[in-house]
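User: I have a model open and want to go through it piece by piece. Can you start with a strand pairing?

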Amino acid sequence: MGQGDEGRREAVGAAALFRGRRLVAGSVLRFPTLTEPDGHPMPPFVAAHTGREPEHLRLAPALCCLCGVEDADPIAVGTDFEYRTSPDEFLAVRCRRCRLVYLNPRPADDEAERIYPDDYHAFQFRPAEFGLVYRIRRRLEARRLLRWCRGLPTDARILDVGCGDGFHLGLLKEFGKPGWELEGVDADMRAVAPARASGLTIHLGSVEEIDLPASAYHLILMVMTVEHLADPLETIRSVARLLVPGGRLVVVTDNARSPDFALFGGRHWGGFHFPRHTYLFDKGTLAELGAAAGLAVERIATAVSPVNWVYSLRNWLDDWGAPRWVVNRLSLKATLPLGFFTLLDMPLAAVGQGAILHGTFRKPATGRTSTEPMIEKSLRETPSFLYSLLHGKYPQPMTGRG
Ligand SMILES: [Zn+2]
């Protein structure tokens with residue numbers, strides 16, 4: 001047993017303690033990287049065939065991307081409930097300065113292939129497999145997309161950052177104006193290949209690296225993308241550069257201040273998506289993200305989504321050893337639970353407590369870059385009654401960049 005094992009036991013002990021919500025702020029939780037004796041990681045499939053323990057992920061420390069420092073309290077510990085890509089337990093923390101939730105430590109950059117396995121849902125949300133759910137989702141998404149496209153010129157240039165298999169671009173191609181120029185960006189070839197195969201223009205890589213034209217796009221979409229990024233602020237800054245003056249950015253992401261988070265946020269919340277979601281926002285931190293990139297905050301709202309409800313319940317049942325057939329009933333293919341939680345989330349979204357966030361931002365036509373006055377007072381304090389009830393106290397309003 002190496003030193004790493006000692007540290008890991010300590011972390012698991014702390015994790016167990018934390019599940020009882022008694023973890024004291026500032027406790028040292030360390031998740032060291034365990035290496036093979038030869039220092040070389042063994043691929044998971046080799047591990048499976050040799051009957052040895054699956055390899056632990058290499059981890060890297062993280063900072064709050066808004067404050068640029070690490071000054072956070074632990075809030076949750078969990079594992080990769082959905083794909084079991086590693087045996088590790090991961091720690092989510094909340095920045096003391098701005099309330100942003102993030103994974104720390106997180107998988108090292110070169111672990112991406114492992115934490116996004118080939119059967120990852122974003123690579124294969126296929127009509128045949130998802131049937132009715134696919135058709136409903138398609139119709140709802142098309143309506144939502146066209147709402148964001150209101151007022152666009154007939155020759156508008158639209159970019160989907162983190163476009164996956166091209167689902168949203170396909171809808172815009174089908175239901176949008178024929179003159180629109182549609183492009184996507186994704187860093188994973190497994191997503192890019194099928195999107196290109198369906199005739200879409202897709203750039204492989206990240207917006208920071210690819211040489212895309214500045215001040216060229218009228219609308220940029222980031223749908224369920226920002227929570228996966230290594231540095232959301234850097235990416236949003238690059239995105240802001242690509243927008244025409246007056247152009248619009250739409251960000252859709254999980255809401256880390258919602259009733260589903262309040263109920264399951266200590267471990268099982270679907271939005272953690274351990275270890276793939278690096279940063280998780282609420283209305284206030286999402287507004288600050290856009291403002292820090294020099295964008296004007298047009299609107300931050302919540303919307304209905306059953307997905308995190310379904311996965312939270314699934315993770316909870318799984319963790320408590322529920323029979324496999326019960327756990328497997330809860331998935332993105334299961335019409336009944338998706339329908340039930342959609343109905344549950346509808347009144348919550350109506351009072352601004354929906355499970356996902358929609359942020360719309362605009363690049364100022366004047367080139368104004370001062371950010372502070374653009375965040376409305378109302379966005380700084382987004383009270384959640386359930387959150388206060390379950391957690392005893394309401395977290396401090398943000399104090400801006402540290
Ligand atoms: Zn922060």
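Analyst: Take valine 101, which stands opposite leucine 280 in E11. Strands are DSSP runs of E with at least two residues, helices are runs of H or I with at least four, and both are numbered from the N terminus. This is a predicted model: local features need pLDDT of at least 70, side-chain atom pairs count only at pLDDT 80 or more, and totals for chains, interfaces and linings use all residues. Residues are numbered from 1 along each chain as its sequence is written.

User: Over how many bridges do E4 and E11 pair?

Analyst: Two, in the antiparallel sense; E4 covers residues 101-103. Two strands count as paired if DSSP finds at least two bridges between them.

User: What order do the strands of that sheet come in?

Analyst: The order is E2-E3-E4-E11, an open sheet of four strands with antiparallel pairing. E2 (72-79) and E11 (279-280) are the edge strands, each pairing on one side only.

User: And E2 with E3, how many bridges there?

Analyst: Seven, again antiparallel, with E3 running over residues 89-95. Proline 74 has valine 93 in E3 as its bridge partner.

User: Why is E2 described as largely enclosed by the rest of the structure?

Analyst: Because seven of its eight residues are buried. Buried means that 20 or more other C-beta atoms lie within 10 Å of the residue's own; 12 or fewer is exposed, in between is partly exposed, and C-beta atoms are placed from the backbone.

User: Glycine 78, buried or exposed?

Analyst: Buried, because it has 25 C-beta neighbours inside 10 Å. Glycine 78 sits in strand E2.

User: What does glycine 78 touch?

Analyst: Leaving out residues up to four places away in sequence, it touches Glu89, Phe90, Arg267, His268, Phe272 and Phe274. A contact here means C-beta atoms, placed from the backbone, within 7 Å. Histidine 268 is 190 residues from glycine 78 in sequence, yet the C-alpha atoms are 6.8 Å apart.

User: Switching to the core. Which residues have the most contacts inside the largest one?

Analyst: Cys64, Leu66, Leu100, Ile220 and Val239, in a nonpolar core of 86 residues. The largest share of this core, six residues, is from strand E9 (residues 217-223). Domain 1 (3-115) and domain 2 (121-391) each supply at least three residues. Such a core is a set of buried Ala, Val, Leu, Ile, Met, Phe, Trp, Tyr and Cys residues joined through C-beta atoms within 7 Å, and the domain bounds come from an automatic or database domain assignment.

User: What is around cysteine 64?

Analyst: Beyond four places in sequence, cysteine 64 touches Val69, Glu70, Ala72, Cys95, Arg97, Cys98, Leu100 and Tyr102.

User: Helices now. How many residues of H9 are buried?

Analyst: Ten of ten, over residues 283-292. Just after H9, glycine 294 takes a positive phi of about 85°.

User: And H12, which residues are buried there?

Analyst: Leu338, Phe341, Asp345 and Leu348. The 16 residues of H12 (335-350) should span 22 Å at 1.5 Å a residue, and the end C-alpha atoms are 22 Å apart, so the two agree. The expected span is 1.5 Å times one less than the number of residues.

Conventions. Two residues are in contact if their C-beta atoms, placed from the backbone, lie within 7 Å.
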